[in-house]
Amino acid sequence: MRLTFLRNREKRPDKLTIAPLRVDVHSHLLPALDEGSKNIEESVSMIAALRNLGFQKLILTPHIMAGFYPNSPHKIKQHLLVLREHLEDQHIDVEIEAAAEYYLDAFFLKELLSKNELLTFNSEDDKKYLLFETQHLHEPKQLFETIKRIIRRGYIPVLAHPERYNYLQRDRLLVHQLYETGILFQVNINSFSGYYGNESRELAEYLSVAQMISFLGTDCHKEEHIEMLQKTMDSPMYQTVLRAGEILNNRI
Ligand SMILES: [Fe+2]
């Protein structure tokens with residue numbers, strides 16, 4: 001048994017795990033703020049599991065979506081403090097910060113024109129990255145206007161899981177036009193193993209080959225996502241993306 005284990009390791013001596021990423025930039029692990037973690041216990045258990053996989057820092061990004069998830073920066077920060085206390089009590093050695101996943105809607109467009117605080121995750125050299133998502137089926141009319149407004153506020157726009165949007169899956173030209181605006185792409189790790197379907201996997205692969213992926217995220221809502229991560233780490237595409245050296249996660 002032991003010999004078999006050693007032989008298998010010899011075949012793949014340099015397989016990369018989650019550890020080189022160091023930081024996850026997208027997850028729904030603040031309890032009861034969206035359709036992710038339901039309570040503190042679930043949050044603590046999933047965060048401990050992600051720590052065991054190799055993450056040292058997690059950016060928790062609850063949805064902000066008018067009418068569905070009306071989360072404010074104040075409310076998100078309050079929840080973050082409570083969760084931190086629980087993690088400390090249980091001696092789970094992981095850093096957690098909060099940002100948000102803004103949904104492109106009229107509320108977000110208005111917020112971008114206001115002086116209201118917006119939640120971002122920041123690099124060591126103080127670049128501020130703003131994570132946002134869009135509807136899945138059709139290109140939102142205000143997509144390019146939104147990107148302009150984010151940049152005008154001094155933030156770097158980061159599109160959450162571009163590989164999952166149907167309107168990008170069928171239009172590579174639009175993918176490139178978007179990229180040329182200065183937007184960065186955050187791909188979900190589990191897309192590499194086809195968890196979100198073949199179309200998502202294919203676009204993730206395309207973005208990987210084109211070296212257009214800046215961030216990887218777990219987009220973790222539930223335990224199933226963590227179990228999938230363990231399988232996805234072995235996928236050739238995940239290994240290729242990590243080796244390409246373009247990923248910025250470990251600078252956050
Ligand atoms: Fe998400």
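A: Start with the sheet. Three strands build an open sheet with parallel pairing, in the order S1-S2-S4. Strands here are DSSP runs of type E with at least two residues, helices are runs of H or I with at least four, and both are numbered from the N terminus. Two strands pair if DSSP finds at least two bridges between them.

The edges are strand S1 (23–24) and strand S4 (95–98). Each has a single partner strand, so one side of each is left without a neighbour in the sheet. S1 pairs with strand S2 (residues 57–60) in the parallel sense, over two bridges. Asp-24 has Leu-58 in S2 as its bridge partner. Helix H3 packs on this sheet and touches S2 and S4. Contact means heavy atoms within 4.5 Å. The direction of H3 makes about 170° with that of S4. Such angles run from 0 to 180 degrees between N-to-C directions; axes are lines fitted to C-alpha atoms, for helices over the stretch in contact.

A word on the basis. This is a predicted model, in which local features need pLDDT of at least 70 and side-chain atom pairs count only at pLDDT 80 or more, while totals for chains, interfaces and linings use all residues. Residues are numbered from 1 along each chain as its sequence is written, and side-chain values use heavy atoms, with hydrogens and water left out.

H3 (residues 73–89) also carries Lys-77. Lys-77 forms a salt bridge with Glu-117, at 2.8 Å from N to O. A salt bridge is a side-chain nitrogen of Lys or Arg within 4 Å of a carboxyl oxygen of Asp or Glu. Glu-117 sits in the loop between helix H4 (106–113) and strand S6 (121–122). The pair links distant parts of the chain, 40 residues apart. Glu-117 is partly exposed at 40% relative accessibility, and Lys-77 is partly exposed at 38%. Buried means under 20% relative accessible area, exposed means over 50%, and partly exposed lies in between (1.4 Å probe, protein chains only).

The whole structure has eight salt bridges. Among them is Glu-145 with Arg-149, whose closest N and O atoms are 2.8 Å apart. Both residues lie in helix H5 (residues 143–152), four residues apart, about one turn of the helix. Glu-145 is partly exposed at 25%, whereas Arg-149 is buried at 15%. Asp-126 and Lys-128 form another, at 3.3 Å from N to O. Lys-128 is partly exposed at 28%.
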